[in-house]
Amino acid sequence: MKAEYKYVKNNWDNKYADTLCASERLVYRSNILGDDQRITNTGGGNTSSKLMETDPLTAEQTEVLWVKGSGGDLRTSKLANFSSLYQDKLIALQSIYGTTEPNGVKTPVEDQMVHMYPHTTFNLNPRPSSIDTPLHSFIGAKHVDHMHPISFIAIAACKNSEALTKEIYGDSLAYLPWQRPGFDLGLKMQAVYQENKACVGINMGQHGLINWADDDKACYELTLDLIEKAGAFIASKDRGDQTFGGQKYTSPSDAAAIEMTTDLLPFLRGAVSQRTRFIGTVHRDAAVLEFVNSVDAQRLAEIGTSCPDHFLRTKIKPMFVDWDPESNDLSSLKSLIIEGLDQYRADYAEYYEACKHADSPAIRDCNPTVILIPGLGLIAFGKNKSESRVTAEFYNCAIGVMRGAEAIDSYIGLPRQEAFDIEYWLLEEAKLQRMPKEKEFARKVVVVIGAGSGIGKETALRFAREGAHVVCADLDGDAAQVTANEIEAEIGIGIGIAGSGISGCGNVIASGIDIGDTASIEACYQSAIYAFGGIDVVALTAGIFLAPNVDGEFSVKQWELVYRVNSIGPYLVADAAKSIFQLQGAHLKSSVVITTSVNAVVSKKGSVAYDSSKAAANHIVRELAVELAPYARVNAVAPATVVKGSQMFPRDRVMASLAKYDIDYSEEESTEDLRIKLAQFYASRTLTNEPITPEDQAEAIYFMSSDKSSKTTGTIFNVDGGLHEAFLR
Ligand SMILES: [Zn+2]
């Protein structure tokens with residue numbers, strides 16, 4: 001072990017580790033390995049320990065392989081993410097495998113062996129085992145780490161990888177050329193382990209590093225030592241400003257690049273979302289810009305992604321757009337993207353046709369998931385935010401790998417067929433088929449305006465639970481942030497470490513917004529676009545009720561404010577969204593839902609400004625439905641008075657209303673009790689006798705935004721408990 005590491009960080013804490021049992025130490029080792037992006041990528045790599053356990057069947061001691069199972073991530077893994085298998089039974093599988101003809105890599109028996117692992121399960125552990133299980137089992141050492149370190153893969157992905165391994169590591173590391181992980185690779189590693197006692201690990205060509213020790217801390221430190229060596233070797237050969245052949249383009253300022261990217265994103269999202277919608281992540285840092293602006297970027301991008309684990313997300317290669325950022329010309333960038341996409345899709349279809357087997361799964365989406373643009377950076381797309389962040393992270397890793405490999409030698413990609421056999425591996429397909437069904441709004445971005453309280457808050461939560469990416473917007477930005485924090489605490493942030501600025505977010509962000517101010521609306525939408533790539537739904541719940549004073553006076557200023565918030569605001573938010581929907585294209589059906597009120601059609605005393613502003617909003621909705629077609633449907637949800645949780649019902653208004661309707665109350669009662677009293681009174685006037693809640697409104701807004709109401713536009717949908725005076729005719 002080195003005293004000081006420069007290219008990794010030693011996070012082992014003896015004091016803490018000593019408090020843990022053997023299996024907990026494995027989890028601990030895994031978490032601290034996974035915590036350093038230079039050691040392994042999200043979801044990549046696995047660890048194992050062979051531990052003595054009491055066999056529940058015999059009460060005797062038996063050796064159990066604990067190995068990180070399928071799915072999950074080393075950084076966040078718990079013991080439940082590890083499978084536990086009888087080591088002697090795993091070894092016994094070698095005789096079945098050995099006597100089956102034919103055997104070897106990619107023979108049918110190799111994949112059949114995967115279905116045998118569940119038979120070796122110790123103690124009914126339900127975690128499915130990883131495809132890498134035989135690698136860990138067949139190497140005899142007690143502890144094994146398999147990592148995807150950027151600096152090490154740089155060596156593994158070089159043309160002269162074997163010679164470089166010898167030069168850097170001498171006899172301590174063996175070299176195995178690329179081979180798809182599985183039973184046969186496990187047997188090859190077993191042979192290395194048994195025949196070469198000086199060897200402590202293997203360079204897995206074009207893949208990663210695997211190394212072992214009989215002590216867990218020693219195994220961890222060995223992993224660090226080997227990666228440190230790779231990092232130091234690459235640094236000694238760094239090409240400085242000649243990296244990637246030098247710089248071809250110059251980046252605009254961050255502010256200009258962010259503005260340009262935001263202008264581009266809805267168009268780009270629409271273009272790649274031909275078959276199915278995607279969520280975007282923008283990554284723009286010095287390392288990405290050095291690559292995308294370089295002379296060699298186009299050539300290297302064409303070679304493809306470095307690590308086979310990445311293919312399912314990054315596809316075999318990214319799309320590089322050879323555009324000069326100094327031209328500052330967005331329309332030429334768009335034309336290059338359209339041409340590039342046509343070429344990319346044709347290349348992908350050709351790759352599929354050339355490499356497919358008789359039993360290959362059907363061709364998947366042909367669009368790129370990683371787009372590289374000089375001056376702007378990297379834009380990644382995935383089925384949700386978490387996936388797009390992982391995709392961006394993986395290509396960041398690839399850039400690091402190419403940087404290292406090109407410094408010390410030449411970067412090489414996997415042969416196309418090998419890449420295909422990973423991407424379309426039947427075992428991978430089975431894994432995809434086992435994934436839970438996507439939630440209804442999983443690929444959508446919803447801006448909820450008014451999300452700081454009441455109906456808006458409930459609506460934001462309703463969409464988030466359906467998998468939506470939610471922008472919680474409110475005049476009160478702090479209240480919007482509180483809602484966003486609460487939602488994030490409930491749904492989590494997913495995985496993947498990438499994304500610049502707000503684009504590094506989870507499924508929910510917060511934004512201040514003044515719906516009477518076009519610049520403020522614009523700024524809110526720009527945050528949504530940079531965070532997620534576009535907008536699919538705008539749900540507006542914000543509104544204002546101002547009452548005349550005791551003498552019945554109502555000022556012009558009050559009139560103006562009521563109309564600004566209740567009538568002009570809804571028009572402005574829909575109108576600003578229109579241009580975004582147009583850029584995305586009519587194939588991405590979008591939706592606007594505006595909250596009006598049943599008061600729009602019920603005449604009474606004391607609320608003329610409010611009622612008439614809502615009547616105007618109803619008709620604005622109908623006209624917007626015409627204006628926004630065919631890009632978006634525009635509908636309204638019209639509540640009757642929702643008292644519960646409403647900002648529009650402070651204590652004094654509740655008391656004034658109770659007094660107005662001659663309902664008994666006392667000053668001692670809590671605001672909530674007074675609200676319940678008032679809500680019950682309102683309920684008693686309805687046909688259903690039920691109070692109207694924020695949840696009722698949220699459900700209606702969700703329904704009007706969802707594909708369940710895809711044939712409905714220009715409609716006012718009452719959610720009022722049944723007020724016959726408000727029936728529309
Ligand atoms: Zn691997």
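Residues are numbered from 1 along each chain as its sequence is written, and side-chain values use heavy atoms, with hydrogens and water left out. Because the model is predicted, local features need pLDDT of at least 70 and side-chain atom pairs count only at pLDDT 80 or more, while totals for chains, interfaces and linings use all residues.

The zinc ion is coordinated through the NE2 atoms of H146, H148 and H207, at 2.1 Å. Donors here are N, O and S atoms within 2.8 Å of the metal (3.2 Å for Na, K and Ca), and since water is not among the atoms, sites may look incomplete. Along the chain, the donors follow the spacing H-x1-H-x58-H. H148, in the loop between β4 (143-147) and α6 (150-156), and H207, in the loop between β6 (201-204) and β7 (208-213), link distant parts of the chain, 59 residues apart. Helices (H or I, at least four residues) and strands (E, at least two) are DSSP runs, numbered from the N terminus. H148 counts as buried because its relative accessibility is 3%, and H207 does so at 2%; buried means under 20% relative accessible area, exposed over 50% and partly exposed in between (1.4 Å probe, protein chains only).

Elsewhere, N293 sits in the loop between α11 (286-292) and α12 (297-303) and, at 3% relative accessibility, counts as buried. Leaving aside residues up to four places away in sequence, N293 touches Q247, K248, Y249, T250, S251, P374 and G375, where contact means heavy atoms within 4.5 Å.

Finally, helix α10 (residues 254-272) packs with α21 at an angle of about 45 degrees, their axes 7 Å apart. Axes are lines fitted to C-alpha atoms, for helices over the stretch in contact, and angles run from 0 to 180 degrees between N-to-C directions. In this contact, α10 contributes D263, P266, F267, R269 and G270, and α21 contributes I580, L583 and Q584.
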